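Subject: A structure for you to explore

Hi there,

Here is the structure I promised to pass on.

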Amino acid sequence: MLLTEAQIEAQLTDAARRGEFDDLPGSGQPLELDDDSAVPEELRMAYRVMKNAGHVPEVVQIRGEIASVEALLQAADDEASRQHAARRLRVLLDRLNRSGHGRGMVSESGYFRQLCERMDGPAR
């Protein structure tokens, strides 16, 4: 039996009136929500269920790695470290684009593009 949104709202309102939500752990504290703004809205619930089960979709893992490597790239203090991070970032971007979830994505970092152009031509 599927419930309509109005029926669910009515049940929640009744439960709140009966005090069933009083004294819950974390009551009165702000919610700590994960930033899932990069996940399409229609997939967020499924991704959250998978995450709670201990599974992280490959695209989410790759995007996290991309963010980490971009931070390393910007913090690199020598040419060898910069080149290593830039190569790693290119590999991750290629994996993301091949998965179909990157849609031609290039690094958000303007610094990465400049470094790639200086090393061997425009960033892909």
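Starting at the N terminus, the elements of the chain follow the order α-α-α-α-α, giving 5 helices and 0 strands. Helices here are DSSP runs (H or I) of at least four residues and strands (E) are runs of at least two, numbered from the N terminus. Please keep in mind that this is a predicted model, where local features need pLDDT of at least 70 and side-chain atom pairs count only at pLDDT 80 or more, while totals for chains, interfaces and linings use all residues. Residues are numbered from 1 along each chain as its sequence is written, and side-chain values use heavy atoms, leaving out hydrogens and water.

Just after H1, Gly19 has a positive phi of about 85°.

Now for the inside. Of the 124 residues in the chain, 22% are buried (under 20% relative accessible area with a 1.4 Å probe, protein chains only; exposed is over 50%, and partly exposed lies in between). The largest nonpolar core has 13 residues, and those touching the most other members are Ile62, Ile66, Val69, Leu73, Leu89, Leu92 and Leu96. Such a core is a set of buried Ala, Val, Leu, Ile, Met, Phe, Trp, Tyr and Cys residues joined through side-chain atoms within 4.5 Å. Helix H3 (58-75) and helix H4 (79-98) are the elements that each give two or more residues to this core, with H4 supplying the largest share, 6 residues.

Helix H4 also holds Ala86, which is buried at a relative accessible area of 3%. The C-alpha atoms of Ala86 and Val69 are 8.0 Å apart, although 17 residues separate the two along the chain.

What about the outside? Leu3, Ile8, Leu12, Phe21 and Leu24 make up a nonpolar surface patch with about 410 Å² of accessible area together. For such a patch, nonpolar side chains (Val, Leu, Ile, Met, Phe, Trp, Tyr) of residues with over 30% relative accessible area and no salt bridge are joined within 5 Å; a salt bridge is a side-chain nitrogen of Lys or Arg within 4 Å of a carboxyl oxygen of Asp or Glu. Accessible areas come from the Shrake-Rupley method with a 1.4 Å probe, and for residues only the protein chains shown count as cover. Phe21 sits in the loop between H1 and helix H2 (44-52) and is partly exposed, at 39% relative accessibility.

Enjoy exploring!

Key:
Patches are made of residues with over 30% relative accessible area and no salt bridge: like charges are joined within 9 Å, nonpolar side chains (Val, Leu, Ile, Met, Phe, Trp, Tyr) within 5 Å.
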